[in-house]
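Subject: Structure handover

Hello,

Here is the structure I promised to pass on. My notes follow below it.

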Amino acid sequence: MKANTVPLMLIGLLADGEFHSGEQLGEQLGMSRAAINKHIQTLKDWGIDVFTVTGKGYSLPAPIQLLNEETIVSQLDHGRLAVIPVIDSTNQYLLERMDELQSGDACVAEYQQAGRGRRGRQWFSPFGSNLYLSMYWRLEQGPVAAMGLSLVIGIVTAEVLQALGASDVRVKWPNDLYLNDRKLAGILVELTGKTGDAAQIVMGTGINLAMNSPDTAIVNQGWINLQEAGVKIDRNTLAASLVNKMRESLELFEREGLAPFVDRWGELDNFINRPVKLLIGDREIPGIARGIDQQGGLLLEQDGIVKSWVGGEISLRPQDK
């Protein structure tokens, strides 16, 4: 039996949000109450709040909807998807299997033990409360043609969330989604390939759906989840919709590059025509955000002059934050 099998079975029993006694759970799983208590601790380690009440047993604060591979796949237009409940990182899982993947292959997870953000940052990934999704794509035109890909994934993710009811979701250059001026989701694009060769790309997105009480040592900026904003989205439908739209948009990007997406970015840009500061290393460059150019660079106006900025080390923050 795999190490995570019992904790996952336990989550399945507790997912209804009702109280279950340790004795009852032990009978269902064929183990002692002491063993159940040990596995409950694993659930807590995965970021799940478990109530323990003497005489009543264990319960979750609310029912949780678990990811279901069959349900998601039934909603896909084509292609392959894997649901892996507990994983180091969805991006890493695909990076390690690139030789056997086809463009559009995707995976989703309930919990990431070593989720990654940009520039080596840790990505807080509690079980069952967010969506962690990655997709592989082989871009025959090579690494240079991948410029602006994180913007495309941002646009697609925002448009899918809007279509499912989160109408106020916006994008932040170069790779975040914002809601009410707080971070809702992040995107990480990882690429391998030399100039002249095809680029092998893994694109990951993490979306805060119902996360609460994150580790402040990891999450150090203003954040929000959809539940707090009053938006409830079916996680399986979200995963399927995102995979379908990503595949469709990446085919368009492969044919036409960033051009079809520039206007779409402008309609979603959270900071368009607002005062911002650009952070490059230790430098802070104030200006007015004016959208993006045809290469995906940030257009920043200073003293009436608009200049384009590109590069992986650039981040963007409102001046009043």
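How many salt bridges does the count come to? The count comes to 12. A salt bridge here is a side-chain nitrogen of Lys or Arg within 4 Å of a carboxyl oxygen of Asp or Glu.

Two points on reading the notes. This is a predicted model, where local features need pLDDT of at least 70, side-chain atom pairs count only at pLDDT 80 or more, and totals for chains, interfaces and linings use all residues. Residues are numbered from 1 along each chain as its sequence is written, and side-chain values use heavy atoms, with hydrogens and water left out.

The chain overall

The protein chain has eight helices and 14 strands. Both are DSSP runs numbered from the N terminus: helices are H or I with at least four residues, strands are E with at least two. The protein chain has 321 residues, and buried residues make up 50% of them. Buried means under 20% relative accessible area, exposed means over 50%, and partly exposed is in between (1.4 Å probe, protein chains only).

The accessible surface of the protein chain is about 15100 Å². Carbon and sulfur atoms hold 46% of that surface. Areas come from the Shrake-Rupley method with a 1.4 Å probe; for residues, only the protein chains shown count as cover.

Contacts are heavy atoms within 4.5 Å. Of the contacts in the protein chain with a separation of 6 or more, 65% are between residues 24 or more positions apart.

Salt bridges

Start with R235 and E110. They form a salt bridge, with the closest N and O atoms 2.8 Å apart. R235 is in helix α7 (residues 235-256) and E110 in strand β4 (residues 106-112), so this pair links distant parts of the chain, 125 residues apart. R235 counts as buried because its relative accessibility is 5%. E110 is buried too, with a relative accessible area of 3%.

Next, E159 and K245. Their side chains meet in a salt bridge at 3.1 Å, N to O. E159 lies in helix α6 (residues 149-163) and K245 in helix α7, so the pair ties together parts that are 86 residues apart in sequence. E159 counts as buried at 19% relative accessibility. K245 counts as partly exposed at 21%. E159 and K245 also belong to a network of salt bridges with R264.

Then D181 and R274. Their side chains meet in a salt bridge at 2.9 Å, N to O. D181 lies in the loop between β7 and β8 (182-192), and R274 in the loop between α8 and β10, so the pair ties together parts that are 93 residues apart in sequence. D181 is partly exposed at 22% relative accessibility. R274 is partly exposed as well, at 26%.

Rings

There are two aromatic pairs. Rings of Phe, Tyr and Trp (its six-membered ring) pair if their centres lie within 6.5 Å; planes under 30 degrees apart count as stacked, over 60 as edge-to-face and the rest as tilted. One of the pairs is Y178 with F271, which is edge-to-face: 5.6 Å centre to centre, with 70° between the planes. Y178 lies in strand β7 (residues 176-179) and F271 in the loop between α8 (259-268) and β10 (275-280), so the pair ties together parts that are 93 residues apart in sequence. Y178 counts as buried at 4% relative accessibility. F271 is buried, at 0%.

K307 lies over the face of W309, at 4.4 Å from the ring centre. The rule asks for NZ of Lys or CZ of Arg within 6 Å of the ring centre and within 35 degrees of the ring normal.

Surface patch

F19, F51 and V53 make a nonpolar surface patch of about 230 Å². Patches are made of residues with over 30% relative accessible area and no salt bridge; like charges are joined within 9 Å, nonpolar side chains (Val, Leu, Ile, Met, Phe, Trp, Tyr) within 5 Å. F19 lies in the loop between α1 (5-14) and α2 (22-29). F19 counts as partly exposed at 31% relative accessibility.

Backbone

The peptide bond from W173 to P174 is cis, with omega near 0°. P174 lies in the loop between β6 (170-172) and β7. D303 is a residue other than glycine with a positive phi, near 55°. D303 lies in the loop between β12 (298-302) and β13 (305-309), and counts as exposed at 80% relative accessibility.

Best wishes
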